[in-house]
Amino acid sequence: MNEQTVYCSSEQQQMLLGGCLAQAFAGRPLLIFLHGDLGAGKTTLVRGYLRGLGYEGAVRSPTYTLVEPYPLRDLTVYHLDLYRLSDPEELEFLGGREIFSGNHQVLVEWPEKGHGWLPEPDLHLILHHRGHGRRLELCCKTVDCMRRVARCAALLSEAES
């Protein structure tokens, strides 16, 4: 697994990173697992991601609904928050087969709750609290993914300068 680490000193930088990732993977199916403690900024990153794809509406954490679909021009982005999932098999009743087998982009918070049911992700994003900011580890399973992630890390570094 290839890994890149970045530091986001603000919520705006997390949004910038999310938007860059959206552009880097635009128009292709994608599965991202978002790991991190409560309040680490997983939903902030998703909000930036959706803004990067041109979505202008409200972006909420699907903590109680578990799934929020965002139909866009070219594809649908699904944001899942599995924190309240009792059993991975519940994903079946939430439309999981269609979500994970279609031409979609799917961002999953608390993926460990779906262990054994979820497919292998293209990208793991691990968020850690660091002072007033966040340290993010971006782990890809392919070289192509890593190239795209590296471009976003470079953009973030330039924005910080």
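Helix H1 covers residues 11-24 and counts 14 residues. From its first C-alpha to its last it reaches 20 Å, close to the 20 Å expected at 1.5 Å a residue. The model described here is predicted.

What is the order of the strands in the open sheet? The order is S1-S7-S6-S2-S5-S4-S3. The sheet has seven strands, and its pairing is mixed. Strand S1 (2-8) and strand S3 (67-71) stand at the edges. Each has a single partner strand, so one side of each is left without a neighbour in the sheet. Neighbouring strands are turned by 15 degrees against each other on average, direction ignored.

Strands of a sheet pair through backbone hydrogen bonds, either parallel or antiparallel.

S2 and S5 run parallel and are joined by five bridges. Here the bridge partner of Leu30 is Gln105 in S5. S4 also pairs with S5 in the parallel sense, over six bridges. His79 stands opposite Leu107 in S5.

**Strand S5**

Is S5 mostly covered or mostly open? S5 is mostly covered, with six of its six residues buried. In a regular strand the side chains alternate between the two faces of the sheet. In S5, His104, Val106 and Val108 point one way. Gln105, Leu107 and Glu109 point the other way, and all of these residues are buried. Two of them were named above: Gln105 is the partner of Leu30, and Leu107 stands opposite His79.

**Helices across the sheet**

H1 lies across S1, strand S6 (123-130) and S7. H1 runs at about 145 degrees to S1.

Helix H2 takes in residues 42-52. H2 lies across strand S2 (30-35), S3, strand S4 (76-81), strand S5 (104-109), S6 and S7. Its direction is about 150 degrees to S2.

**Salt bridges**

How many salt bridges does the structure hold? The structure holds four.

| Pair | N to O distance |
|---|---|
| Arg97 and Glu92 | 2.9 Å |
| Glu137 and Arg135 | 3.2 Å |
| Arg148 and Asp144 | 3.0 Å |

Take Arg97 and Glu92 to begin with. Arg97 is exposed, at a relative accessible area of 53%. Glu92 counts as partly exposed, at 31% relative accessibility.

Glu137 is buried, with a relative accessible area of 13%. Arg135 is partly exposed, with a value of 22%.

Where do Arg148 and Asp144 lie? Both are in helix H5 (residues 143-160). Why are they separated by about one helical turn? Because they are four residues apart in that helix. Arg148 is buried, with a relative accessible area of 13%. Asp144 counts as partly exposed, at 30% relative accessibility. Salt bridges that share partners join Arg28, Asp144 and Arg148 into one network.

Most residues other than glycine have a negative phi, and most peptide bonds are trans. Two residues here have a positive phi.

Leu66 has a positive phi of about 70 degrees, although it is not a glycine. Leu66 lies in the loop between H2 and S3. Is Leu66 buried or exposed? Leu66 is buried, because its relative accessible area is 10% and buried means under 20%.

Trp110 has a positive phi of about 55 degrees, and it is not a glycine either. Trp110 lies in the loop between S5 and S6. Trp110 is buried as well, with a relative accessible area of 14%.

Technical notes
Residues numbered from 1 in each chain as written. Predicted model: local features only at pLDDT ≥ 70, side-chain atom pairs only at ≥ 80, totals over all residues. Heavy atoms only, no water. Expected span 1.5 Å × (residues − 1). Pairing = 2+ DSSP bridges. Axes fitted to C-alpha atoms, helices over the stretch in contact; angles between N-to-C directions. Contact = heavy atoms within 4.5 Å. Salt bridge = Lys/Arg side-chain N within 4 Å of Asp/Glu carboxyl O. Buried < 20%, exposed > 50% of the residue type's maximum accessible area, 1.4 Å probe, protein only.
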